[in-house]
Amino acid sequence: MSIYDTLNNKQKEAVFHTEGPLLILAGAGSGKTRVLTHRIAYLIEEKNINPWNILAITFTNKAAGEMRERVDDLVGYGSESIWVSTFHSACVRILRRHIEKLGYGSNFTIYDTDDQKTLMKDVCKKLALDPKVFKERAILSAISKAKNERISAQEYRQQTAGDYGRQGIARAYVEYEKQMKLNNALDFDDLLGKTVDLLLQDPEVLQYYQNRFRYIMVDEYQDTNTVQFEMIRLLAKEHRNLCVVGDDDQSIYKFRGANIKNILDFEMVFQDACVIKLEQNYRSTKTILDAANSVIRNNRGRKEKTLWTENEEGNKICLKQFESGFDEAEFIAADIEKSRREQQDAYRDYAVLYRTNAQSRTLEERFVAESIPYKIVGGVNFYARREIKDILSYLKTIDNGQDDLAVRRIINVPKRGIGLTTVNRIQGYAEERGIGFYEAIRVADWVPGIGRGLTKVESFAALIEFFKAEANEKSIRELTEDILKQTEYLERLKEEEGEEADSRIENIQEFISKIVLYEEDCESRNEPATLSGFLEEVALVADVEEGEEERDYVVLMTLHSAKGLEFPHVYLAGMEDGLFPSYMTITEGDEEELEEERRLCYVGITRARKTLTLTCARKRMIRGEFQFNKMSRFLQEIPRELMGLKEGYGKGNGSAGKGGFGQTAFADRNFRYRELQKNPFTASKASRNFGDAGAKALDYQVGDRVKHGKFGEGTVMQMVKGGRDYEVTVDFDVAGTKKMFAAFARLEKV
Ligand SMILES: Nc1ncnc2c1ncn2[C@@H]1O[C@H](COP(=O)(O)OP(=O)(O)OP(=O)(O)O)[C@@H](O)[C@H]1O
Ligand SMILES: [Mg+2]
């Protein structure tokens, strides 16, 4: 039996159709990716095509990795010379070799978003653009959009003549390009754009790659954008052996410029293209497939497809509504553990998918508490996210200032003009004196060579001291909101705009919710909610080391990252109107947006092979406020007979099978749109009053023998009372004389 015998007739047709343009348009789980990998094997083994002549492109690194594995298994010897990669990494490889022809050095640097922002800041300054009107992030996203449409800076300038706002952007675009070139740098969009430039401008290079990539395959074709299409078109122009596979129902990257027209245009650009439709789904049970079909059916602008399966009926879909997001997470963790034991399968057979990154926080905490190994795919753990680490570092510094790394992390975040030289001087001084970094900051005027950096460091210290005083009087939430306000951390994120900044803001809001939950929890137990207590609790989750050898874990990820993947058991969490579909989609009533979200829901459902569990919460804490949500409208699109009952766990009493589902579940639970529109962080009454915590009385005095954690025993020589603390001079037996603040030194009388 050959490997091709496992394919159905349509799939075989697609695999054997090796010459000429081919479009495979088919629904989820119908074997598109499988056709691609078998096609590669077929080309090499049956058609004697040199592996070197094959290019396979897919969407994410994870998908590329999986495709590479599948190809290696099928092809064996020689498979390493096939290019299996994402668009970006293919472009980098091409550019490293030939970019000199465009006047760049082959050692060009790739700018990430931060680098871009830094450069754009300089550009705006140089052009004296009004920062109130021209936001860096907004300019950058306009540039990115233009680049994806292949509009150069010059063209952009001509197009926008007479339009004041866009003229400013055009000037910034021109200058940005000039600077990028001077820096020998490319941004992500350039990787594609410059590759296309190269292919257009240099016939030799074009010919080289056309001859090299005689067979080109593109997976997830529905999410390619205009530049990507142009690149493929050029590469395939000579030999025309281009096979693209996609599903218009799974197009979910419109916001990044994906152009669904590329599917429609394919037959126009390659007029003799053969089109094959695959209609049999091999992935999911009948029940899951029915659910997916009944959801996507509600989209109007789509090509009608009939996707069917010979797979078994399978379990009913489990739908559960919980009181809170916490209960939801508790259920998911318990359910995975229970099911895993019963079915004797592995953690990696389970995936939990959600709409926004911020949703991972509650799930992660539950998983840690239950010792269930998990991995966030396509992202990082909640407490490892940059913005969360930043705020945590503020809180740690305010709490005790003993975590040098935390202090160093925030001394210039957000930027307040304290450079690395100054930081290193302070560090050197701290090391020399054997004191902590923050202690050194507080005596910055003693740091040799600190010079002009001093005022800035002093005002940083004053800010922290202000927060310290505030910490004594305010709740952790108030303190945190004030940190975000006084440092303008949130303000700067908001100015950035764009999907990344939005996601960071959501994470911060989720962090605020965590604080509120902690404070409420303490209150209910009649315990004081202290900053140290909070940090300790968080550390239990934040400092969990990822097991190096751990290969079996539950996968947590956003719906977007889940594209192309499959799992035996899938949980879709947070199926609520206002979250999924998103609040913006609902309130703005944009039908196109809603259809895009519905496609995302279709992608989510069709990731499941055997079981699908849909969960939602009646109330969910968002930005520290409870918000009441209805079940997602997408759930209402799934016929009730496909849904089943699963016993409840823990506090979650919202079973969906009988009674619970229906009237009450879908009743309008005074969804508070207006609540949502409020400023997330209501201004707190921050008085610039440093308060006087007063120096705490010490149980030792001059002449006493004391003990220090690091320096050992010594004699107290001098004590000077300051506003908030004593400055103590101790003559240590071994370490010599040191000056230190009592609060930091934690000296014990012996
Ligand atoms: N002819 C077949 N016989 C048995 N299993 C098959 C067959 N075709 C596909 N499959 C299996 O069905 C599942 C889905 O296939 P694949 O991932 O290739 O689908 P897809 O169309 O790429 O899905 P998606 O739209 O989600 O990317 C895989 O587990 C694959 O191995
Ligand atoms: Mg696929």
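Two residues count as being in contact if their C-beta atoms, placed from the backbone, lie within 7 Å. Helices (H or I, at least four residues) and strands (E, at least two) are DSSP runs, numbered from the N terminus. This is a predicted model, where local features need pLDDT of at least 70, side-chain atom pairs count only at pLDDT 80 or more, and totals for chains, interfaces and linings use all residues. Residues are numbered from 1 along each chain as its sequence is written, while chains are lettered from A and ligands numbered from 1 in the order in which they are written.

**Stop one: the H14/H15 pair.** Select 325-343 (H14) and 360-369 (H15): their axes are 9 Å apart and pack at about 45°. Axes are lines fitted to C-alpha atoms, for helices over the stretch in contact, and angles run from 0 to 180 degrees between N-to-C directions. H14 and H15 are therefore oblique to each other (under 35 degrees is roughly parallel, over 145 roughly antiparallel, 65 to 115 roughly perpendicular, the rest oblique). Show side chains for Gly325, Phe326, Ala329, Glu330, Ile332 and Ala333 of H14, which meet Thr362, Leu363, Arg366 and Phe367 of H15. That contact has six nonpolar, two polar and two charged residues (Ala, Val, Leu, Ile, Met, Phe, Trp, Tyr, Cys and Pro are nonpolar; Asp, Glu, Lys and Arg charged; the others, Gly among them, polar).

**Stop two: the sheet.** Now pick out the six strands of an open, parallel sheet, in the order E3-E2-E6-E7-E1-E8. Strands pair if DSSP finds at least two bridges between them. E3 (83-86) and E8 (274-278) are the edges, each with a single partner, so one side of each has no neighbour in the sheet. Zoom in on E1 (22-26), which pairs with E8 over five bridges; Leu25 stands opposite Lys277 in E8.

**Stop three: H13 and H26.** Select 286-296 (H13) and 591-605 (H26), whose axes come within 9 Å and cross at roughly 175°. That makes H13 roughly antiparallel to H26. Ile288, Ala291, Ala292, Val295 and Ile296 in H13 meet Arg598, Cys601, Tyr602 and Ile605 in H26.

**Last stop: confidence.** Colour by pLDDT, the predictor's confidence in each residue, from 0 to 100. The protein chain averages 86, but residues 647-694 stay under 50. Where pLDDT is low, the predicted coordinates should not be read in detail.
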